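Subject: Structure handover

Dear colleague,

Here is the structure I said I would pass on. My notes follow below it.

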Amino acid sequence: IFTDEVLSKYKILFRVFAVLRRIALRLSSCMRKGGSLVFQKHICIIQQITQSFYSFLLNDVVAFEWGRMAEELSSSTDVESMLKIHDQFLTTCVQRSTFANAKIVACWDRIDQEVSDLALNPCDEMAAKSSRSARLFFDLIKYYSSKNHEHHLLLLVSKLDLGCFYADTMA
C-alpha cells in the first residue's frame, strides 16, 4: 500500500529525528567532559537550538498534523481517501520539518559533522564553530520565515529565539 514516494517521505522524517537525536547525545557527552565557561556556553546554545527544533517538530508539526489526520480519517469511507489523507499528512510534515529545503539539510549535516568532531576534540574553537553553524540555521529559518510568511516558520523562529536571546548573544 505504501508507494516509493510515501516511503521516501518517511525516510526524510526519520532522518530529521535521527540527526537531531545524534547531535543531542554528542552534546551531552561534551558537557560531561567539562570545559571552559566559553565552551559550555557554546554547547548550551547548540543544545537549546537543537532541543527547541526537535520539540517544534514533534509537538507543533507531527503531533498537530497527526491529530488533523486522525480527525479526517474518522470521516473517511474508502481506502483511497485514507491513503490520500495519509499522504497529505506526510507531505505537510516533510514541508514543515524544513528538511525539504536543501540549504537547511546542508546546515544540519554541517552541525552534525561539527558536533561529531567536537565530541572527539572538545575545545573552545570547535564549540564556537558549531555554535556559529547553529546560528546559521537560526538565520536561515528567520530568512525563510520573512520571505515566505509561512505560519509554521514564524512559530519556529519564536520558539528558537524566545525573548530575542540569540539576536543579542550570538551576533
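**Notes on the helices**

Thr98 sits in the loop between α3 and α4 (102-120); helices (H or I, at least four residues) and strands (E, at least two) are DSSP runs, numbered from the N terminus. Thr98 is not a glycine, yet it has a positive phi of about 70°. With a relative accessible area of 5%, Thr98 is buried (buried means under 20% relative accessible area, exposed over 50%, partly exposed in between, with a 1.4 Å probe and protein chains only).

Please note that this is a predicted model, in which local features need pLDDT of at least 70 and side-chain atom pairs count only at pLDDT 80 or more, while totals for chains, interfaces and linings use all residues. Residues are numbered from 1 along each chain as its sequence is written, and side-chain values use heavy atoms, with hydrogens and water left out.

**Overall**

The protein has seven helices and zero strands, so the pattern along the sequence is α-α-α-α-α-α-α. Taken along the principal axes, the C-alpha atoms fill a box of roughly 60 × 30 × 25 Å. Of the 171 residues, 41% count as buried. Among contacts (heavy atoms within 4.5 Å) between residues at least 6 apart in sequence, 72% join residues at least 24 apart.

**Helix pairs**

Two packed helices are described by the angle between their axes and the distance between the axes. Axes here are lines fitted to C-alpha atoms, for helices over the stretch in contact, and angles run from 0 to 180 degrees between N-to-C directions. Angles under 35 degrees count as roughly parallel, over 145 as roughly antiparallel, 65 to 115 as roughly perpendicular and the rest as oblique. A crossing is left-handed if the near helix is turned anticlockwise from the far one by less than a right angle, and right-handed if clockwise. For residue classes, Ala, Val, Leu, Ile, Met, Phe, Trp, Tyr, Cys and Pro count as nonpolar, Asp, Glu, Lys and Arg as charged, and the others, Gly among them, as polar.

*α1 with α2.* The two axes cross at roughly 150° and come within 10 Å. α1 and α2 are therefore roughly antiparallel to each other, and their crossing is left-handed. From α1, the contact takes in Val16, Phe17, Leu20, Ile23, Leu27, Ser28, Cys30 and Met31; these meet Phe39, Gln40, Ile43, Cys44, Ile46, Gln47, Thr50, Phe53, Tyr54, Leu57, Leu58 and Val62 of α2. By class, the residues of this contact are 16 nonpolar, four polar and no charged.

Met31, in helix α1, is partly exposed, with a relative accessible area of 27%. Apart from its neighbours within four places in sequence, Met31 touches Gln40, Ile43, Cys44 and Gln47. Its C-alpha atom is separated by 18 Å from that of Ser52, 21 residues apart along the chain.

*α2 with α3.* These helices pack at an angle of about 165°, with axes 10 Å apart. That makes α2 roughly antiparallel to α3. The crossing of α2 and α3 is right-handed. On the α2 side are Phe56, Leu57, Val61, Val62, Glu65, Trp66, Met69, Glu72 and Leu73, and on the α3 side Met82, Ile85, His86, Phe89, Thr92, Cys93 and Arg96. This contact has eleven nonpolar, two polar and three charged residues.

Which residues of α3 are buried? They are Ile85, His86, Phe89, Leu90, Thr92, Cys93 and Val94. What covers them includes α1 (4-33) and α2. Helix α3 (residues 79-96) has 18 residues and spans 26 Å from its first C-alpha to its last. That is close to the expected 26 Å at 1.5 Å a residue (1.5 Å times one less than the number of residues).

*α2 with α5.* The axes of α2 (residues 37-74) and α5 (residues 124-148) come within 8 Å and cross at roughly 30°. That makes α2 roughly parallel to α5, and the crossing is left-handed. α2 contributes Val38, Phe39, His42, Ile43, Ile45, Ile46, Ile49 and Phe53, and α5 contributes Asp124, Ala127, Ala128, Ser130, Ser131, Ala134 and Phe137. The classes here are eleven nonpolar, three polar and one charged.

Val38, in helix α2, is partly exposed, with a relative accessible area of 43%. The C-alpha atoms of Val38 and Arg26, twelve residues apart along the chain, are separated by 18 Å.

Regards
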